[in-house]
Amino acid sequence: MKFSNVLNRLLSVGLMSISLLFDFGLYGIVASNVISGTIVIIYKLIVLKINGIKVDFRNSSHDYKGIFKFSLWTTLSTIAGRLIFNIMPTVLGIFSNSHAIAVFGVVITLEGYSYTFSAAINGMFMPKISSIYAKNKSPNDEILELAIKVGKFQFGLCSLITVGLILVGKDFLTIWMGENYLDAYICSILVIIPSVLFNPLQIANTAMVVENKVHLQALVHVTTGVLNVALSFILVPMFGLIGACYSICISYFFRVAILLVVLRNKMEFNVLKFSKEFVTITVRFFILGILLTSIRTSPNVLNNFVI
């Protein structure tokens, strides 16, 4: 089924290229998406049939009601997510200038790269989590154990990405975009740092979906998006581009805090035990970051350390 995503992208690019080549205009581009999406749906149905999975479209009204609610909350969560990055260029256009928008585009790109690496395993554990909930009447301990194991991996990966950005991000931006875009360095750090705390919670996030509590996720995202919009209209006029990134950083940290409250109160997730598991690894990465930064800024530190 993973191949369906690749197939969808290949078909979309291919059909859009044909539309542009033969000058079919806007309608051709829209039709390209419709055709590629339809082909992928047919492909998925064929794969399901080959694997002996029967798709029954004759659902009851109760099933349709559940699907509608799930789709509604998922859509609301997606729209709320747009209130973070997609709306910020508009705010910058109102209160700042075109250069700030261009630099923010670089920030979005770097954040996207970071998210792609750190969230590569998101969704892979949904079958396992579903199995845990299906077999156990009290699955909280097993979910917590899985969340800690996977969370440590994601925490370490996000920490390495963040430390790497801090160490070589300025040089990378200078080579890639030039010195005019160096403001993206501190902005990228502000935007990416909250992911170090949020991505380790992906198992708990997936458990919320399995437990059909996607409405709680949507409410967390809506609250985060509204807070970001409010802060951006306060901070951007005062600080410009850096104010926009401060707004996102504060909103993302708030998202982590409110998500932990939801997990503790609605999912009976042992937040305290989960957090304690990351104290040691946090100290280790903090020391590693200080050491590498010292070596990066002053090579003599390494000689003194070896001696």
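This is a chat about how helix α4 and helix α11 meet in a predicted model.

Trainee: At what angle do they pack, and how far apart are the axes?

Mentor: The angle is about 30 degrees, and the axes are 10 Å apart. Angles under 35 degrees count as roughly parallel, so α4 and α11 are roughly parallel to each other.

Trainee: Is the crossing left-handed or right-handed?

Mentor: The crossing of α4 past α11 is right-handed.

Trainee: Which residues make the contact?

Mentor: From α4 there are M88, V91, L92 and F95. From α11 there are N228, S232, F233, V236 and P237.

Trainee: Take S232, then. Buried or exposed?

Mentor: S232, in helix α11, has a relative accessibility of 0%, so S232 counts as buried.

Trainee: What does S232 touch?

Mentor: Setting aside neighbours within four places in sequence, S232 is in contact with M88, V91, P237 and S247. M88 and V91 belong to the α4 side of the helix contact.

Trainee: Switching to rings. How many aromatic pairs does the structure hold?

Mentor: Five aromatic pairs. One of them is F95 with F233.

Trainee: What is the geometry of F95 and F233?

Mentor: The pair is edge-to-face, at 5.7 Å centre to centre with 90 degrees between the planes. F95 lies in α4 and F233 in α11, so the pair ties together parts that are 138 residues apart in sequence.

Trainee: And how accessible are F95 and F233?

Mentor: F95 has 36% relative accessibility and counts as partly exposed. F233 also counts as partly exposed, at 39%.

Trainee: Which residues form an aromatic cluster?

Mentor: F85, F104 and Y252 form one aromatic cluster.

Trainee: Back to α11. What about L231, buried or exposed?

Mentor: L231 is found in helix α11. Its relative accessible area is 17%, and under 20% means buried, so L231 is buried.

Trainee: What are its contacts?

Mentor: Not counting residues up to four places away in sequence, L231 touches V236, S247, I250 and S251. S247 is also in contact with S232.

Trainee: How far is L231 from I248?

Mentor: Their C-alpha atoms are separated by 8.4 Å, and the two residues are 17 residues apart along the chain.

Conventions: Residues numbered from 1 in each chain as written. Predicted model: local features only at pLDDT ≥ 70, side-chain atom pairs only at ≥ 80, totals over all residues. Heavy atoms only, no water. Axes fitted to C-alpha atoms, helices over the stretch in contact; angles between N-to-C directions. Helix = DSSP H or I, 4+ residues; strand = E, 2+ residues; numbered from the N terminus. Parallel < 35°, antiparallel > 145°, perpendicular 65-115°, else oblique. Left-handed = near helix turned anticlockwise from the far one by under 90°. Contact = heavy atoms within 4.5 Å. Buried < 20%, exposed > 50% of the residue type's maximum accessible area, 1.4 Å probe, protein only. Phe/Tyr/Trp six-rings, centres within 6.5 Å; stacked < 30°, edge-to-face > 60°.
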